[in-house]
Amino acid sequence: MKSLEDLKKLRDQSLKNMTMRYQTNGTRVQIGMGTCGIAAGARPVMSKFLEEISNRNLNNVTVTQVGCMGECAFEPIVEIVEQNGNSTIYCLVSEKKVAEIVEEHIIGGKRLERYLLSGVKR
Amino acid sequence: MDDLSLFLLDIVENSLNANASMIIVIINEDDLTNKISITVSDNGKGMDKETLRKAIDPFFTTRTTRKVGLGLSLLKQTCEGCDGTFSIDSTLGVGTNLFVTFRKDHIDTPPIGQMSESIISILLHPRIKGFRYKHIVNEIEFEFDLKEVLDILGDVSLQDVEVITFIKNYIKDNIDYIRGGVK
């Protein structure tokens, strides 16, 4: 079973590759975690993002959560904020879509038009 | 909401939105009393009597992004439907305490669910400052204190994927361990 001593070891071993506090560069994945988001499945979506990012060793990507984004009918909603400030909002995100978003958008730099909130809401 | 861990996440979101700098969660599963209880205490902005009275009304919320606030009313309905209790008290400028119980063997009592995933979601909130979690199963305890983790991490971000994955597994292992004997 893991202990917090193991966290100290992990910190010491991987320090060079770790994200530092207050670091602002890199891509940010923001997941809506209001009641609507939670009920629609935002938590497993967040877990899937963490899993995909960890499995692909993407050191410059962080995951964070935000409150209700005001589009409850389209939850789970995920916003990808790139280093240059460009923002993309995906809606009705499922665990299956997460792998595509990571592969095509975060790694490939190409927006997935079919999942955009602006497209689906039209 | 399918399980208690999702309810917990939703309640703690309220605390975070109330700018709480310390949130304390205690889960107690006890076979002897046949009860599951959840306590959430925060030092957020609190509510006045009128707001507190309305807090469990599904058509009331202080948020501006939408006009309904279903979280607390859903929780109240669920625990009272499982022979449990619901109580909330709050003082403006001091904080809020929520205490709910469920009859453990009631057929409609939701399962505990993945507490580690909810805790990770809480820890990834950009405004998280102080968070303590205690889970007791038949008097065996597991405690997690964010401060202890932040002290170990130093300048390393809690949002580092390797760090957050480690913490998730650490919490999951420990909760699974104390819940090992739960029927």
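**Exercise 1. Which residues of H4(B) are buried?**

Solution. The model is predicted: local features need pLDDT of at least 70, side-chain atom pairs count only at pLDDT 80 or more, and totals for chains, interfaces and linings use all residues. Residues are numbered from 1 along each chain as its sequence is written, while chains are lettered from A and ligands numbered from 1 in the order in which they are written.

Step 1. Helices (H or I, at least four residues) and strands (E, at least two) are DSSP runs, numbered from the N terminus. A residue is buried if 20 or more other C-beta atoms lie within 10 Å of its own, exposed if 12 or fewer, and partly exposed in between, with C-beta atoms placed from the backbone.

Step 2. List the residues. Met115(B), Ser116(B), Glu117(B), Ser118(B), Ile119(B), Ile120(B), Ser121(B), Ile122(B) and Leu123(B) are buried in H4(B). Nine of the nine residues of H4(B) are therefore buried, and the helix is largely enclosed by the rest of the structure.

Step 3. Find what surrounds them. In chain A, the buried residues of H4(B) pack against H3 and S2. In chain B, they pack against helix H1 (4-17), strand S5 (130-137), helix H5 (146-153) and helix H6 (161-178). Two residues are in contact if their C-beta atoms, placed from the backbone, lie within 7 Å.

**Exercise 2. Describe the surroundings of Met115(B).**

Solution. Step 1. Met115(B) lies in helix H4 (residues 115-123) of chain B. Met115(B) is buried, with 24 other C-beta atoms within 10 Å.

Step 1. Leaving out residues up to four places away in sequence, Met115(B) touches Ser5(B), His135(B) and Ile175(B).

Step 2. Compare sequence with space. Leu4(B) and Met115(B) are 111 residues apart in sequence, and their C-alpha atoms are 8.2 Å apart.

**Exercise 3. How do the axes of H3(A) and H4(B) cross?**

Solution. Step 1. The two axes come within 10 Å and cross at roughly 80 degrees. Axes are lines fitted to C-alpha atoms, for helices over the stretch in contact, and angles run from 0 to 180 degrees between N-to-C directions.

Step 1. H3(A) is thus roughly perpendicular to H4(B). That word covers 65 to 115 degrees; under 35 counts as roughly parallel, over 145 as roughly antiparallel and the rest as oblique.

Step 2. Arg43(A), Met46(A) and Ser47(A) of H3(A) make the contact with Glu117(B), Ser118(B) and Ser121(B) of H4(B). By class, these residues are one nonpolar, three polar and two charged. Ala, Val, Leu, Ile, Met, Phe, Trp, Tyr, Cys and Pro count as nonpolar, Asp, Glu, Lys and Arg as charged, and the others, Gly among them, as polar.

Step 3. Turn to the whole contact between the chains. Chain A gives 34 residues and chain B 37 residues. On the side of chain A that touches chain B, helix H1 (4-14), helix H2 (35-40), helix H3 (42-55) and strand S2 (61-66) of chain A give two or more residues each.

**Exercise 4. What is the strand order of the open sheet in chain A?**

Solution. Step 1. The sheet has four strands in the order S2-S1-S3-S4, with mixed pairing. Two strands pair if DSSP finds at least two bridges between them.

Step 1. S2 and strand S4 (87-90) of chain A are at the edges with a single partner strand each, so one side of each has no neighbour in the sheet.

Step 2. Follow S1(A). Strand S1 (residues 27-32) and strand S3 (residues 78-81) of chain A are antiparallel, over four bridges, and Ile31(A) stands opposite Val78(A). S1(A) and S2(A) run parallel, joined by six bridges, and Thr27(A) stands opposite Val61(A). Five of the six residues of S1(A) are buried, so this strand is largely enclosed by the rest of the structure.
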